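Reader: Hi! Could you walk me through this one while I have it open?
Author: Happy to, ask away.

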Amino acid sequence: MAPPTSAPASSRHRRRLALLTIGGGLVVVLTAAITLAASTTAISFTSGVLAATGSAPTIDDGVVDAALPLSVDEDEHPAMVRLDDGLREALRAAQVAALDDGVTFDITSGWRSADYQRWLLADAIATSGSEETARELVATPERSSHVTGRAVDIGSLDAQLWLIEHGRAWGLCQTYANERWHFERATRDGEDCPEPRTDARG
């Protein structure tokens with residue numbers, strides 16, 4: 001026959017197990033709720049940004065066909081035409097020197113409209129699921145050097161590395177540490193480039 005205290009102890013044990021089970025269930029439910037809320041917030045933000053941009057951007061917004069990057073001599077595409085004059089001339093002068101090394105600059109992005117930049121940010125948020133992560137690679141229209149025509153993206157690795165090594169002769173610098181392809185005219189000809197910023201958040 002069991003001691004008189006066994007029944008109460010067993011009962012307490014069952015109650016503890018029940019409470020632990022309920023507590024664990026609540027943690028799971030709360031975690032799911034928080035995840036859903038965060039996801040909904042990101043989706044809502046993205047939807048709002050996309051709604052503000054209207055239709056998808058076009059060539060008039062500076063969209064460059066990924067299969068047809070631009071040359072520095074392009075004089076019709078808005079992505080090159082609307083670049084800062086100093087940046088465009090620096091790129092053309094640097095290209096002459098790069099050709100001696102068998103390197104050609106392929107411009108995959110230049111000037112962009114504010115709507116295009118807004119669309120890119122919304123797309124990055126939708127893809128990554130996080131506004132914070134997206135902003136590491138895509139600046140807001142208010143902070144983007146592409147929108148002011150003071151930045152270009154270079155497609156080929158050879159061209160990127162050539163500009164990183166030689167670009168300062170024309171004031172051309174990689175300005176984001178996490179974007180090897182992004183260049184701006186960030187110094188005077190021949191002077192050292194400033195230390196790249198960590199990412200597109202500035």
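Reader: Let's start with Arg-88. Which residue does Arg-88 form a salt bridge with?
Author: Asp-85 is the partner, and the closest N and O atoms are 2.5 Å apart. Keep in mind that this is a predicted model.

Reader: Noted. Where do Arg-88 and Asp-85 lie?
Author: Both sit in helix H3. Three residues separate them, about one turn of the helix.

Reader: And is Arg-88 buried or exposed?
Author: Arg-88 counts as buried, at 12% relative accessibility. The cut-off for buried is under 20%.

Reader: What about Arg-118, which residue does it bridge to?
Author: Arg-118 pairs with Asp-115, with 2.7 Å between the closest N and O atoms. These two are in helix H4, residues 114-128, and because they are three residues apart, about one helical turn separates them.

Reader: How accessible are Arg-118 and Asp-115?
Author: Arg-118 is partly exposed at 22% relative accessibility. Asp-115 is also in the partly exposed class, at 35%.

Reader: Now Arg-197. What is its salt-bridge partner?
Author: That would be Glu-184, where the closest N and O atoms are 3.6 Å apart. This pair links distant parts of the chain: Glu-184 belongs to strand E4, while Arg-197 is in the segment after E4, 13 residues apart.

Reader: Why do you class Glu-184 as buried?
Author: Because its relative accessibility is 10%, and buried means under 20%. Arg-197, by contrast, is partly exposed, with a relative accessible area of 32%.

Reader: Switching topic to Ser-145. Where is it?
Author: Ser-145 is in the loop between helix H5, residues 131-137, and strand E2. With a relative accessible area of 14%, Ser-145 is buried.

Reader: What does Ser-145 touch, apart from residues up to four places away in sequence?
Author: Arg-150, Ala-151 and Glu-184. Glu-184 is the residue that forms the salt bridge with Arg-197.

Reader: Cysteines next. How many disulfides turn up in the whole structure?
Author: A search finds one. Cys-173 and Cys-193 form it, with their sulfur atoms 2.1 Å apart.

Reader: Left-handed or right-handed?
Author: Left-handed, because the torsion about the S-S bond is about -85°.

Reader: And how accessible are Cys-173 and Cys-193?
Author: Cys-173 is buried, with a relative accessible area of 1%. Cys-193 is partly exposed, at 32%.

Reader: Let's go inside. Which members of the largest nonpolar core touch the most other members?
Author: Phe-105, Val-152 and Ile-154, out of 21 residues in that core. Helix H2 (78-81), helix H3 (85-99), strand E2 (152-154) and helix H6 (157-166) each supply at least two residues. H3 gives the largest share, five residues.

Reader: What is Ile-154 in contact with, leaving aside neighbours within four places in sequence?
Author: Its contacts include Phe-105, Ile-107, Ala-159, Leu-163, Trp-181 and Phe-183. Asp-106, Thr-108 and Gln-160 are among them too.

Reader: Which residues does the second core include?
Author: Tyr-116, Leu-121, Ile-125 and Ala-134 are among its seven residues, and this core is separate.

Reader: Last one, the overall picture. How many helices and strands are there?
Author: Six helices and four strands. From the N terminus on, the order is α-α-α-β-α-α-β-α-β-β. Of the 202 residues in the protein chain, 34% are buried.

How values were computed
Residues numbered from 1 in each chain as written. Predicted model: local features only at pLDDT ≥ 70, side-chain atom pairs only at ≥ 80, totals over all residues. Heavy atoms only, no water. Core = buried A, V, L, I, M, F, W, Y, C linked by side-chain atoms within 4.5 Å. Buried < 20%, exposed > 50% of the residue type's maximum accessible area, 1.4 Å probe, protein only. Contact = heavy atoms within 4.5 Å. Disulfide = S-S within 2.5 Å. Salt bridge = Lys/Arg side-chain N within 4 Å of Asp/Glu carboxyl O.
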